[in-house]
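Please open the model in your viewer and keep the selection panel at hand. The stops below say what to select next and what is there.

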Amino acid sequence: MGYSEGPDRGHAWVIACAACVITMILSGISKMVGILYVAVIDTYGVSRKEATLPFTFRKSLRCLAGPIVGIVGQRYGIRAVTLVGAFGASLGAFLAFFAPNVTWLAVCWGGVHGLGEAFANTLFQVVVNQYFEKYRSTASGIALSGACMGSVIFSFLIEALRDAYGLQGTFLVLSAVILHVLPAAILLRSPSWIRNGTPKPNTELTELNRSFKKQPPMYVITNDYVKSNAEKRRSIVSLNPKLLEKNENINVNPVKAHSTTNLVESLEKKLEGQRGYDNLAFAMEKQNNPEKPPLEKRLSIQNIFATSKESLYEKLPNNNEESLKKPALASSEQSADAKDEKSFATSIKTMLRLYTNPIFLLVCVCMATYVFTFIPIMTSMVDYSKDKGLPETVGKYLIHAMAVGDIIGRLCFGWVTDKEYISIPRYMILTLLLQGTFIISLPFASNLASFLVLLAFYSMTAGSMLVRMPVIVLKHVRKEEQSVAMGCYGFASGLVPLGVPSLIGHFRDNFGSYDGMYYLLGSLSIVSGVFWVFEPLLAKLNQRIEEKRIRKENEIKV
C-alpha cells in the first residue's frame, strides 16, 4: 500500500479531484440548459414547451436509469461503467449535430447523451465515500463542486461556439470535450483495503506501522535447531530479549529439559496479561488476522529450550510487516474467490428493500424537490430575465451568479456537519426553508443586481443541501447496497422533469409570466424542509426494521 493511501489521506483527495473533473464536464454542460434552451427556440422556431423537451427528457432518463446503473455497477465495477457512460454521452452529443428537428434532438441529446451521462455521472460518489471517513461531506463537496466550475467555463465556451458554429456545431465540439472524462474515470478504482479485503488503514495502525519499521530486527528460534539440540541441552538459558521486546521480563523457575509445559504456559499467560499483546509483532498479527490464533500461540514457544549465545537465531526478512500480512491477504483472496457474483434477482431485491427504508424515502423526496425546482429555474432563467427587460447578453452572468453561489454552498459549509456543529437533519431543514424563501423572492427582483443576489443565495442553499444527500444515503444503507442505493435515490426524480414542459408552458405561454411558477416551487421547497423535522422518528423506525430483518436472516441461517 502506498504511503499516502488510506482513509482521508493523500490518494483519497486525488479521487475526490478526479470526481470533480467528471462533474465539471458532465454536470457543467447540463447547467447550460438556459443558454441552449433559448438557442433551440431561435434555431428550430418552436414553442417554449417544445424547446424544453430535449433537456427535460435528458434529465428524466438520467434519473430513471439510476437503478439500472446501480445494478450494472455492482456487477461490473464502477470504473468500467463510468468509462462506458462517458463514451455514450460523447456519442449522443455527436449525433445531436445531425438532428434535423427538436424530436430528433430529444432522441440524440435527451436519449443517447442522457443515458450516457447516467452511467458516467452517478456512481463516482461511492468510490469517493470509500476513501473518506472523517471528511466525507467535504470530499463530497469537492466532487460535486465541479459542476459549478464547469458552468462558469461552459457559459463562455458555449456562447462563443454558438456565435461561431451555430447550435449544431456547438454539439459537435461538446462531444469532443466530453471525451476528457475518460482519464478521470480511469482513476476511479476502489481502495486496496476494499479490493483485497484487508483491514482498513486507520491512524492508530498507521502509527503502529511506522513504529514497527523503526524497531530492531526480531528473531525467532527455528524448529530445526530445537529438534537437533533437544537431547543435548539440560538447562534453561535466558530467551533472546529481542523476541519479547516491549514486554515485561518473564521469570520462570528452572524446569527439566523435557518438561517445557510449565515454561510455555507461564510465557503465554504473561503475554496475555493485563496489557494484552504489547509486543509490536503480536499486535500487528492480531490486527491483520483477528480470526486466526494469536501469533504467540502459533509460535507456541514450541519446545523452546535453553540456548547459548551462539548463532541460534534466524533473522526474519526485512519486510516483517509484509510477512505478517501474507496470511491475511491469502485468506481474503480465497474468500473473495469463493463469493459468487450477485445475480440480477438479488439486485432487484436489494432495490426493493431500499424503498422500505424510511430515511432513504425521505432523501428521495428531497432529491425530487431539488430536481423539480432546479430544472424550471435553470431553464427559464435567461428567458425570465428578458421578460424583466434585461438584455439576452446578461444570461451568462446569471449563470455565473448561480455557479458562484453553488460552489460556495458545496465547498464552504462541509465543516459545519463534519465537525458536528449542527446535525445533518437540522442542516437540511435550514437550507430547504431558506431555499424556498429565496425562490419566492425572485419575482420581486426589480433590477439585475437583486436578481443576481437572489439566484446566488438560492444556488448556495441548493448546492449545500445537495452534497449532504449522498452522505445520508451511504450512512443509512448497508455497505453491499451502496452502489444500488446511489443509483436508486434519484429514480423518483426522473419522473418529475416530465412535467416541467407543461409547467413552463402553462405559466409562460398561458399566463404570460413565470411568477406563479416561482411561488409554487418555493412553497414545495419549504414543505420538503418541514419533512425533515420527522427524521429522528424515521431513523428509529428504520432501526427497528433493520433489527427485524437481521433476526429473520439469523433464523434462516439457523
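Throughout this tour, a residue is called buried when its relative accessible area is under 20%, exposed when it is over 50%, and partly exposed in between, using a 1.4 Å probe and the protein chains only. The model is predicted, so that local features need pLDDT of at least 70 and side-chain atom pairs count only at pLDDT 80 or more, whereas totals for chains, interfaces and linings use all residues. Residues are numbered from 1 along each chain as its sequence is written, and side-chain values use heavy atoms, with hydrogens and water left out.

**The whole chain**

Begin with everything displayed as a cartoon, where the protein shows 27 helices and two strands; helices (H or I, at least four residues) and strands (E, at least two) are DSSP runs, numbered from the N terminus. Of the 558 residues in the protein, 51% are buried. If you switch to a surface, the protein exposes about 26,400 Å², of which carbon and sulfur atoms supply 60%; such areas come from the Shrake-Rupley method with a 1.4 Å probe, and for residues only the protein chains shown count as cover. Contacts, meaning heavy atoms within 4.5 Å, can also be viewed along the sequence: among those between residues at least 6 apart, 83% join residues at least 24 apart.

Next, select Phe-87, Leu-91, Phe-94, Leu-95, Phe-97, Phe-98, Leu-172 and Leu-179, which make a nonpolar surface patch of about 680 Å². Patches are made of residues with over 30% relative accessible area and no salt bridge, with like charges joined within 9 Å and nonpolar side chains (Val, Leu, Ile, Met, Phe, Trp, Tyr) within 5 Å. Helix α5 (residues 78-96) gives the most to this patch, with four residues. Leu-91 has its place in helix α5, and this leucine counts as partly exposed because its relative accessibility is 36%.

**Aromatic pairs**

Now colour the aromatic side chains, among which the structure holds 13 aromatic pairs. Rings of Phe, Tyr and Trp (its six-membered ring) pair if their centres lie within 6.5 Å, and planes under 30 degrees apart count as stacked, over 60 as edge-to-face and the rest as tilted. Select Tyr-355 and Phe-360, whose ring centres are 5.4 Å apart and whose planes stand at 80°, so the pair is edge-to-face. Tyr-355 is partly exposed, with a relative accessible area of 26%, while Phe-360 counts as buried because its relative accessibility is 3%.

Then move to Tyr-384 and Tyr-518, which form a tilted aromatic pair, at 4.9 Å centre to centre with 55° between the planes. Tyr-384 lies in helix α18 (residues 358-387) and Tyr-518 in helix α26 (residues 515-531), so this pair ties together parts that are 134 residues apart in sequence. Both Tyr-384 and Tyr-518 are buried.

**Salt bridges**

How many salt bridges does a search of the whole structure find? The search finds seven, a salt bridge being a side-chain nitrogen of Lys or Arg within 4 Å of a carboxyl oxygen of Asp or Glu.

Select Asp-387 and Arg-508, whose side chains meet in a salt bridge at 3.0 Å, N to O. The two residues link distant parts of the chain, with Asp-387 in helix α18 and Arg-508 in helix α25, 121 residues apart. Arg-508 is found in helix α25 (residues 500-511) and counts as buried at 16% relative accessibility, whereas Asp-387 counts as partly exposed at 39%. Leaving aside residues up to four places away in sequence, Arg-508 touches Arg-48, Asp-383, Asp-387, Ser-513 and Tyr-514.

Go on to Glu-546 and Arg-549, which form a salt bridge with their closest N and O atoms 2.9 Å apart. Both lie in helix α27 (residues 535-557), three residues apart, which is about one turn of the helix. Glu-546 counts as partly exposed at 21% relative accessibility, while Arg-549 is buried, with a relative accessible area of 17%.

Finish with Arg-58, Arg-62 and Glu-117, which salt bridges that share partners join into one network.
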